[in-house]
Amino acid sequence: MGNGSPGTPVVHGFPHLDTVRSAITALYRRLSPDGVHTYGTSLVPADAAFSDADDLHLGAQRVARALVQHLRLPGARMVVGFRTMEHAASVELTAGPEYFIELNDRFRTHRRDIGAALAHEITHVLLHRLGLEFPGTRANEILTDTVTTYLGAGWLLLDAFREDAVSRQKLGYLTPEEFGYVLAKRALVFDEDPSPWFTSPQAYTAYTKGRAQALHDLRRPPLTAAGRSGRRRYAKDRRYAQDHPGTVADPGVPYAFEPGGEGLRVSFPCPTCHQRIRLPVRGRVTARCGLCRTRLECDT
């Protein structure tokens, strides 16, 4: 787990959004909608609470057990240790059933963030067991952050983000706003409000920015909830596609028109799982995503 050093400049915004969306799609494909919905309740703050009065090793083992249970890892045992290291944490991925997690020595005195570091590493174990990975270290770490958050434990990672005039800290590879985005995507699916769990004011601000981006996904054409300007742009692009069949789509818009045997079709990402959906251009229609089963009201 990288990006764990206090004082490291924090990147903001949404530079990894394409990979994040691909990670959500991959998660739904691997677990199925029913599998994703078994994670309908987030990890509760009490399960990750860690006070200075707690025994360091016993407390870390307690939080690790809670995360193993939350992430539904039967038969997995986590052995947690501390040592001097460059990164925030690491896990040794083996066949199990024991997995060895090492946390940076600084967590000995920054105990409130031990749950966040463990959540990321234990999700690595889950993905290892599922056989789900992305090529390249950075993409795979973004996948891990995304899955941790979407399955209800990653709010801890966002809450570990703190930034003031003299210091800053962020765990994980996603930006704070991207953590907020994934958390909001989860909140929309499971009707959750994670905002009361934040102890960091900066985490709450990042969540609100991420939530605005997540809500924007629900308002893009050809969804009927799209705004007036988006609908006008969509109608203009549709007319052009009808008059110029085979034209390459503008990469700046989320939809693309494709010629088909029965006329023009439009493809666009599902606002929930980001699997691409293809519909005939016929006006108003109710569709259902074939992957996550979300019901979509569209005006094609």
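Colleague: How much space lies in the largest pocket?
Modeller: The largest pocket holds about 240 Å³. This is a predicted model: local features need pLDDT of at least 70, side-chain atom pairs count only at pLDDT 80 or more, and totals for chains, interfaces and linings use all residues.

Colleague: What makes a space a pocket, and what makes it a cavity?
Modeller: The search uses a 1 Å grid over the protein atoms alone. A pocket is an open set of points with protein on both sides within 12 Å along at least five of seven lines; in a cavity a 1.4 Å probe fits but cannot get out. Grid points are joined across faces, edges and corners, and the volume is the space filled by probe spheres set on them.

Colleague: Which residues line the largest pocket?
Modeller: Phe14, Leu17, Asp18, Arg21, Ser22, Arg220, Pro254, Pro269, His274 and Arg276. Each lining residue has an atom within 4 Å of a point. They divide into four nonpolar, two polar and four charged. Here Ala, Val, Leu, Ile, Met, Phe, Trp, Tyr, Cys and Pro are nonpolar, Asp, Glu, Lys and Arg are charged, and the others, Gly among them, are polar. Helix 1 (residues 17–37) gives the most to this lining, with four residues.

Colleague: How many cavities of 30 Å³ or more does the search find?
Modeller: One. The largest cavity holds about 40 Å³. Its lining includes Arg220, Pro254 and Pro269, which also line the largest pocket.

Colleague: Why is Leu17 called buried?
Modeller: Its relative accessible area is 11%. Buried means under 20%, exposed over 50%, and partly exposed in between (1.4 Å probe, protein chains only). So Leu17 is buried.

Colleague: What is Arg233, by its relative accessible area?
Modeller: At 35%, Arg233 is partly exposed. Arg233 lies in helix 9.

Colleague: Why is the pair of Tyr234 and Phe257 called tilted?
Modeller: Rings of Phe, Tyr and Trp (its six-membered ring) pair if their centres lie within 6.5 Å; planes under 30 degrees apart are stacked, over 60 edge-to-face, the rest tilted. By this rule the count is seven aromatic pairs. In this one the centres are 5.3 Å apart and the planes are at 45°, so the pair is tilted. Tyr234 is in helix 9 (residues 228–243) and Phe257 in strand 6 (residues 256–260), so the pair ties together parts 23 residues apart in sequence. Helices (H or I, at least four residues) and strands (E, at least two) are DSSP runs, numbered from the N terminus.

Colleague: What kind of pair do Tyr255 and Phe257 form?
Modeller: With centres 5.7 Å apart and planes at 65°, the pair is edge-to-face. Ring pairs link Tyr234, Tyr255 and Phe257 into a cluster.

Colleague: How do you know that Arg106 lies over the face of Phe107?
Modeller: The rule wants NZ of Lys or CZ of Arg within 6 Å of the ring centre and within 35 degrees of the ring normal. Arg106 is at 4.8 Å from the centre of the Phe107 ring. Arg72 lies over the face of Tyr39, at 5.6 Å.

Colleague: How do you know that the span of helix 4 agrees with its length?
Modeller: Expected span is 1.5 Å times one less than the number of residues. The 17 residues of helix 4 (residues 114–130) should span 24 Å, and the end C-alpha atoms are 24 Å apart, so the two agree. Gly131 follows helix 4, with a positive phi near 70°.

Key. Residues numbered from 1 in each chain as written. Heavy atoms only, no water.
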